[in-house]
Amino acid sequence: MPEYIPSIGMEVHAELTTRSKMFCRCPVAFGGEPNTRVCPVCLGLPGALPVPNRAAIEMVLRTALALNCTIAMDSIFHRKNYFYPDLPKGYQVTQYGETNPLGYKGWLDIPVRKGELKRINIRRVHLEEDTGKLMHLPAGGSGVDYNRAGVPLMEIVTDFPPDIVNADEARAYLVELRNVLLYLGVCDGKMEEGSLRCEPNISIRHEGSQEFGTKTELKNLNSFRSVQLGVQFEIRRQAATLDQGKRVMQETRGWNEGTESSFVMRTKETEQDYRYFPDPDLVPMKFDESTLVALKDSIPELPLAKMRRYEKELGLSEKDAAVLTADKDWASFFEEAVGLGGDPKQVCNWMNSDFAKHLNESGLTARESKIAPGHLVDLTRLISKGEISGKIGKELFAEMFQSGRLPTEILKESGKTQISDRDSILPAVEKVLSENSSVATKYRSGQTGAIGFLVGQVMRQMAGRANPSIVQELLREKLDES
Ligand code: ZN
Ligand code: MN
């Protein structure tokens, strides 16, 4: 069996979160009645003139800067000509060329193995407009919805030769890139709604060969899972094709979610077919240094940097830091709690266990829930001061998740405070020892692990309210003295 080396290029389209479209004032939104957000400009009616959306240009520039790109200080829009019913003008406004895209020659570091990063080079970050959507009508036939036509679209393409060599890396790249876009606030990242679309291209070559194989492009991937499965499938399919002595055809393939396999959509157009030329209706863009400095300053701390800071400055494990930073709002909730004086490790533990579990069950986000960062600070303080046990903490958490009341308040009323007074615990210790003399004997004969059972029994006697370390201390004293 010959060995193959895969090469994967990633082309990502991200709809920008602007309020209006790229060249007109039609609002940007998802769904709704077809063709209700259209005007002469985005319908391409004769005589209508486009005006570029400044917010969209700034979003792409900020993304390009965050992805370490060189910025094209002079940049223009081109027309990409082709016919398809979802493209009313007969051309798509986009940016052609190697150094004309708003950003080019950048990179994104992605986590590949525990503690290890891989640099994925990026070829271009450019601005274009989205097309409309073909719809298959229930009564038969097709219709077109132009609500999406002209929505600002950012395209991010990895460099050639590709750095990504397997399906796991393809997925990790997309996860990291999506997270960066969410941190920047330039895209809502909803793959299932099509606001983030990924089209990987895949080729394989014989081990030792310098020449890249023929590539295929995959479309209709609307989740991380389908990206990973799709890339895996294509690698296997191409290997099987070559093993049979056949050639891989250059084609665009669709992904069938149900059968988890790809199918031919069309053979690939070549670049010349599009007849790119500068759009005569759009004036060239020019940027100065001070604009770029201001945009750069507006870039927030990005996920990877945040993760490293949590590890270094707050002493969190890589896994904890990764879970917290995987979601911008989750990270900001955590930081607010720490800012209020919460212990980072304790706050993190509650967030990634009970809080995450309750949110998951209720379908709420952290900000939609009744828990504020202060609740977690209050709860972790009660525990570290020894006023309640971890077990009572869990009960309090469930209660505050329901009511939104502060743990100290709930505690005052319920009388669930932890008992740390030795004299109040001693009777229960003595009772448990007299009822479990065989376990006590085990302990004395050297099986010190038996103490765990005794602690559990005392805690039960005291309805979970005793301070477990005092219980343990008292048990040891009693067991050692007799
Ligand atoms: Zn419009
Ligand atoms: Mn594109």
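The following questions and answers concern a predicted model with a zinc ion and an open sheet.

Colleague: Which residues are the protein donors of the zinc ion (ligand 1)?

Modeller: In sequence the donor residues follow the spacing C-x1-C-x12-C-x2-C. Each gives its SG atom, at 2.3 to 2.4 Å from the zinc ion, and the residues are Cys24, Cys26, Cys39 and Cys42.

Colleague: What is the arrangement of the four donor atoms around the zinc ion (ligand 1)?

Modeller: Four donors count as tetrahedral if all angles lie between 85 and 135 degrees. Here the angles run from 101 to 114°, so the arrangement is tetrahedral.

Colleague: Is Cys26 buried or exposed?

Modeller: Cys26 sits in the loop between strand S1 (4-15) and helix H1 (54-66). Buried means under 20% relative accessible area. The value for Cys26 is 7%, so this residue is buried.

Colleague: Which are the edge strands of the sheet?

Modeller: The open sheet has nine strands with mixed pairing, in the order S2-S6-S7-S10-S1-S11-S12-S13-S14. An edge strand here pairs on one side only, which holds for strand S2 (70-71) and strand S14 (261-267).

Colleague: How many bridges join strand S7 to strand S10?

Modeller: Strand S7 (residues 116-129) and strand S10 (residues 152-158) run antiparallel. Across this pair, Val125 stands opposite Ile156 in S10. The number of bridges joining the two strands is seven.

Colleague: At what angle does helix H2 run to S6?

Modeller: Helix H2 (residues 167-184) lies across several strands, among them S1, S7 and S10. Strand S6 (103-113) is also one of those it lies across, and the angle to S6 is about 115°.

Definitions and conventions: Residues numbered from 1 in each chain as written. Chains lettered and ligands numbered in written order. Predicted model: local features only at pLDDT ≥ 70, side-chain atom pairs only at ≥ 80, totals over all residues. Heavy atoms only, no water. Donors = N, O, S within 2.8 Å, 3.2 Å for Na, K, Ca; no water. Tetrahedral: all angles 85-135°; square planar, octahedral: opposite > 155°, others 65-115°. Helix = DSSP H or I, 4+ residues; strand = E, 2+ residues; numbered from the N terminus. Buried < 20%, exposed > 50% of the residue type's maximum accessible area, 1.4 Å probe, protein only. Pairing = 2+ DSSP bridges. Contact = heavy atoms within 4.5 Å. Axes fitted to C-alpha atoms, helices over the stretch in contact; angles between N-to-C directions.
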